Amino acid sequence: MSDQMGEKTESLSRQPRTEWQRIRRELIKNKSALAGLIVLVVFVALGVLASVIAPFSPIVMNTEVPFAPPSLESVLVGRTAEGKEVRVGPFIMGTDQYGRDVFSRVLHGTTVSLQVAIICNAIGLFFGTTLGLISGYSGGRVDFIVQRLIDMLYAFPSVLLAIAVIAILGPGLYNVMLAIGFSWIPVYTRLVRGCVLSTKQNVYVDAARCIGARTSRIVTRHILPNIASSIIILGSVNMGTAILTAAALSFIGLGVQRPDPEWGVMLNEGRSFMVQAPWLTIFPGLAIALTVLSVNMFGDGLRSALDPRMRID
Amino acid sequence: MTKHILKRLVVSIPVVMGIATLVFLILHLVPGDPVAVMFSQQSMTEEQLHIIRERLGLNEPLPIQYVRYLWNAAQGNLGQSVRGGLPVTELISRQFPYTMELALWGMLMAIILGLSFGIVAGLYHNSWFDNLVMILSVGGVSIPGFWIGLMMIQLFSVRLNWLPSAGVGDWKSLIMPAIAIGMAEMAVIARMTRSNLIEVLQEDYVRTARAKGLRQTAVIMRHALKNTLIPTVTIMGVQIGRLLGGAVVMEAVFARPGIGNLAVKAIIDKDFPVAQGCVLATALIYVLSNICVDISYAYLDPRVRFE
């Protein structure tokens, strides 16, 4: 009897006490999510510390070593009057046509890409969630007007909407972030509105209304926390898409402009030298693929942990 | 069914009006004077700028400009390029077939490979092939298509000299762009078909079909597959939009003509009438393809027709 009691107590103590503990446990159990998280943390660390880690400036040209292939050894560029060797490098990912270190540029590109992923999501999430909350909670005429506006924006594929915004604002890093963020407002608005419509039917919302809580308090304290998991899921999915879209727009010349180090810009510059310097296209592409892969793997794990109904077998 | 199609067409009228309104506003949301922005590279007198404003109808009150824009657009007149002077409709109609060709081949490849991989993975759940498809599907949505395109050019054009790296021409020039553009969509279709099939195969009607002695092929083809396809068809509407967006990038990678290339060039050259026309045309194609998807959805799921 006491053994059974002991087992029960032990199993109860193993049960997660809070929702966050449960999510953390689920994420640790999910190997691909954990691997994604580790790679992502490494990329975030590299992005944050890029200016410290990068051995060279990402934009300063070094015309003595154009197209130096990737190597762990430094490159001989000449000799001093005393006959001593003058070496530069090593360039572990090689150099480009202007002798700029590809590794340093990829590292600084990490900062730009993570910045893009966070800011685009923040713009879409803030405006989309606000509109969705207002539309879903108010209902009636306000809901009708907001939804018709969103229908209009929804009629554009998101890349096209981003291109339309760039047509207005012109190319550039900040304009691309604004454009991608803007193109996601309809997605967040629709999701949040749908969640609000079902959440506002709950008894606890009626109870809050009955005790005289103000609308702003009901929305921020009772509805928003209960729909947060759906918003986080969408946010995690969109992180990878933001990096891909920004790189694609920079690749075609509508995003970050030369000579700034951005993965899409690097691919665009490197494509002209694919025969003599394939490393110019290989490393930035690998960086994009690895970052987005890690974000997607972590996002899938987060989705399973937050909403077991959406688990992918 | 005819009633459903008509209903769907009527519902899309306000959406088309909305698209045209937003496209009209592009020119008017440009910070500053749009004509001055368009001709910022050239030194022009105020009088010349005034003549251009007059020609573009920008001196009229906004509501009149709006009505005129809608009226002209409805007649297929989207103005003239401020760079070459050619009608925008003509420029778009020249480039349109190339973009559609690329998007359709990409979609076709995504559907054929995505469905095949998804069905086999779903049937052999937890096998090595299933695991491979899952890995490929995560990779497919994570690896940028334009980078895959560049790597394919590196391998098949530069090293092996098997396929042309750029331009348009015979079917060979379409293989790499179609794979690069359709890869992400193929991954989504494969993943979705697989999980739907696993779910459907556990349904009672599949068990009943098996219990009455139907062969496995008949169970899958007649009972499971049609129900598996319903959610897959639903996402195809969204996928067409992504393919049209992806075409913009792929046209740059493979140096193909198309609406995407035209739009990018117009934005860089600040040729607003052409940029507006490209956005309008692509959005209209997207709406039209979504209508087609909705109609095919109604064919697959009869409940939709009677809603």
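These legends go with several close-up views of a predicted model. Local features are described at pLDDT of at least 70 and side-chain atom pairs at pLDDT 80 or more, while totals for chains, interfaces and linings use all residues. Residues are numbered from 1 along each chain as its sequence is written, and chains are lettered from A in the order in which they are written.

**View 1. Chain A as a whole.** Chain A has 12 helices and 2 strands (DSSP runs of H or I, at least four residues, for helices, and of E, at least two, for strands, numbered from the N terminus). Its C-alpha trace spans about 90 × 65 × 35 Å along the principal axes.

**View 2. Val279(B) in the nonpolar core.** The largest nonpolar core has 153 residues (buried Ala, Val, Leu, Ile, Met, Phe, Trp, Tyr and Cys joined through C-beta atoms within 7 Å; buried means 20 or more other C-beta atoms within 10 Å, exposed 12 or fewer, partly exposed in between, with C-beta atoms placed from the backbone). Beyond its neighbours within four places in sequence, its contacts include Leu160(A), Ile163(A) and Ala263(B) (a contact means C-beta atoms, placed from the backbone, within 7 Å).

**View 3. A cis peptide bond.** Look for the bond joining Arg258(A) and Pro259(A), where omega is about 5 degrees. Pro259(A) sits in the loop between helix H10 (215–251) and helix H11 (263–270) of chain A.

**View 4. Phe67(A), with a positive phi.** Phe67(A) is not a glycine, yet its phi is near 55 degrees. You will find Phe67(A) in the loop between helix H4 (50–53) and strand S1 (75–79) of chain A.

Definitions and conventions. Two residues are in contact if their C-beta atoms, placed from the backbone, lie within 7 Å.
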